[in-house]
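Visitor: Please show me the structure, and then I will ask about its parts.

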Amino acid sequence: MQRTAEQIEHDLLRPLFHSSGKYWIAVALAGSLLLAGVAAFGYQLYTGIGVWGINSPVFWAFDITNFVFWIGISHAGTLISAILRLTNATWRRPVTRCAEAITVFSILIGGIIPLCHIGRPWLAFWMIPYPSERHIWPSFRSPLAWDFFAISTYLTGSTTFLYLPTIPDFAAVRDAATGLRKKIYRVLALGWQGTPRQWQRLEIAMHIMAVVIIPVAVSVHTIVSWDFSMTLVPMWHSSIFGPYFVAGAIFSGIAALILTMALLRKLLQLEEYLRPIHFENLGKLLLTMSLLWFYFTFAERLTAWYGNSPPEMAVFWESIRKQFAPLFWTMVFCNFIIPVPILAIKRLRTITGTAIASFTVVVGMWLERFLIVVPSLEHKFLPYSWGTYRPTWVEDTLMASSFGFMALLYLLFSKFVPMISIWEMKVGLQPHGGFPVVVTGDSKHHGLVLEGPLPRDVAE
Amino acid sequence: MKALYGLYADPEAAQRAVDSLRAASSELKFDARQILIVSGEPHEGYEFTDSHTTASPYRWAVLGAVVGGTVGYLLTTLSQKSYPLPTGGMSLTPAWTNGIIVYEMIMLGAILTTLVVLLIGAGLPNFKGVITDPEIGTGKILVGVVDPPENSQPELERRLRQAGASQVKQSSAS
């Protein structure tokens, strides 16, 4: 059933003014996880980073796994949203804001994790290049300095990409609200009115942002991969790491987006907007990425196996047959064997099916990040330096709390911002379905020429 | 700031109203720039929306990218020369790795410039008050005249209704 502009505005503003009991239970659960993480971090600060399981030679473990995982998840939003915007995919409209919000929050969380890892976070400003009394300067040759620039740029770009199309919706909330809420949204809307000039400027800006943000997103995860591949550690020093990480990031990002959408439609009663077609289309993308992930994993392992270099083979067999084999094969099951049949068979590519496949992919991709980091560090080139790593409760708690923090940020965001772009949904109601139209003749005789296909209901 | 406006259910009617108001502007002694159009979503393909078309934001974004790249280049090379690290005979200012910083700064420059150009071009922020109507949320388009001359109001109201306004109202900025 075609909804009217009034219904759209009512439905999408409703979660801001009324929340269900399920919503508040979810907030409480996520908040509890976050509090547990804050307590664990406080204990770590008080006691020292020795409460972690990291040691020589495994200096990186859970935290870098989480860092790479969350930066990977951030590829869900901005990249997918930008591609769908540029290709004018009309089915994107209910999806884009959910996706863009994931990006901003997961980069924030990803950015916090290195701060935890440095042990003395109050000295984090030493990473910022500024003339100081220490007469030291960040080394621009270091991939960690590249991380700083790449993640800062991506966070700035993604926040802008999220905020700009939200301005008209802030104005819609402002016009619907009263009292203090009205005052807050008045500030957030920046005095947006909705004049043709403002719409035109906004659309151009979104177009530029979509073009710019795609290469930034690709560069960010490539640079994260270079944190590993620029070092001489077995199985890390590989030129395939850049595209492998980018593909993995998009893979995990799409999975996180599907999972989030499935939860949101229930929590915020958005069933009329987040429809089976959105899950089916994203499910197809997830299937493609699952196949691509398998291709990259196979290519990476095959190259190592064929080279038969002893240090690399030590890591290789540790992953596949020995200590890490249960995790490795769980990863393969979660990322390939479970999702591919679910997503390839149309009958199974339902909302529940895609959500299950996405859940396994999120688990599998976390394991993939762990299996990149730990087995290689445990088995470096010289066997006398080999070591083992076991996470402690502090690391487990911090990891769990990062999920809680993400959920809490997302839930609170959905309380303040319409999770589906109201104005973009209204554009979809226009007779030409929101496709660009051009005017022929003078302004008094508007001959509208459609660019692109007619929506089915109009064509009929 | 006050406005007399009509609310239109479709963009064709809004376009008729805009055309009618423009035609009457000299006779009723108001500037065509006083004509106000407000909608809850963009309407592409109509003269009243496309009259603002300009390519300048793209040029500004490119300029921002150039500035960002230059800042990145200067940041890396000047600091590497000012704070030299032992490089074992390798280049003090390596183009390969500096290129990564320059690339990110190019993108950051383009992003920030796009944001600033949007805000300036769209007249944001504007906290002086806006003229709006609850009906805009239901899909209506507001077309009217800001601060219309007192004696012209009956004629303006007639023209707004003739173009197909479902309602004609008078409102102040809030």
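Questions and answers follow.

Guide: This is a predicted model, in which local features need pLDDT of at least 70, side-chain atom pairs count only at pLDDT 80 or more, and totals for chains, interfaces and linings use all residues. Residues are numbered from 1 along each chain as its sequence is written, while chains are lettered from A and ligands numbered from 1 in the order in which they are written.

Visitor: How far apart do the C-alpha centres of domain 1 and domain 2 of chain B lie?

Guide: Domain bounds come from an automatic or database domain assignment. For chain B, this gives domain 1 (2-52 + 129-172) and domain 2 (56-121). The distance between their C-alpha centres is 46 Å.

Visitor: Which element gives the largest share of the side of chain B that touches chain A?

Guide: Two residues are in contact if their C-beta atoms, placed from the backbone, lie within 7 Å. The contact takes 54 residues from chain B and 56 residues from chain A. Among the elements of chain B that give two or more residues are helix H1 (11-28), helix H3 (56-82) and helix H4 (95-121); helices (H or I, at least four residues) and strands (E, at least two) are DSSP runs, numbered from the N terminus. The largest share, 14 residues, comes from H4(B).

Visitor: Which strands stand at the edges of the sheet in chain B?

Guide: Two strands pair if DSSP finds at least two bridges between them. Four strands of chain B form an open sheet in the order E2-E3-E1-E4, with antiparallel pairing. Each edge strand has a single partner strand, so one side of each is left without a neighbour in the sheet; the edge strands are E2 and E4 (167-172) of chain B.

Visitor: What is the bridge partner of B:Ile37 in E3(B)?

Guide: E2(B) pairs with strand E3 (residues 141-146) of chain B in the antiparallel sense, over four bridges. In E3(B), the partner of B:Ile37 is B:Val143.

Visitor: How many of the 27 residues of H10(A) are buried?

Guide: Helix H10 (residues 241-267) of chain A reaches 38 Å from its first C-alpha to its last, close to the 39 Å expected at 1.5 Å a residue; the expected span is 1.5 Å times one less than the number of residues. A residue is buried if 20 or more other C-beta atoms, placed from the backbone, lie within 10 Å of its own, exposed if 12 or fewer, and partly exposed in between. H10(A) is largely enclosed by the rest of the structure, because the number of its residues that are buried is 21.
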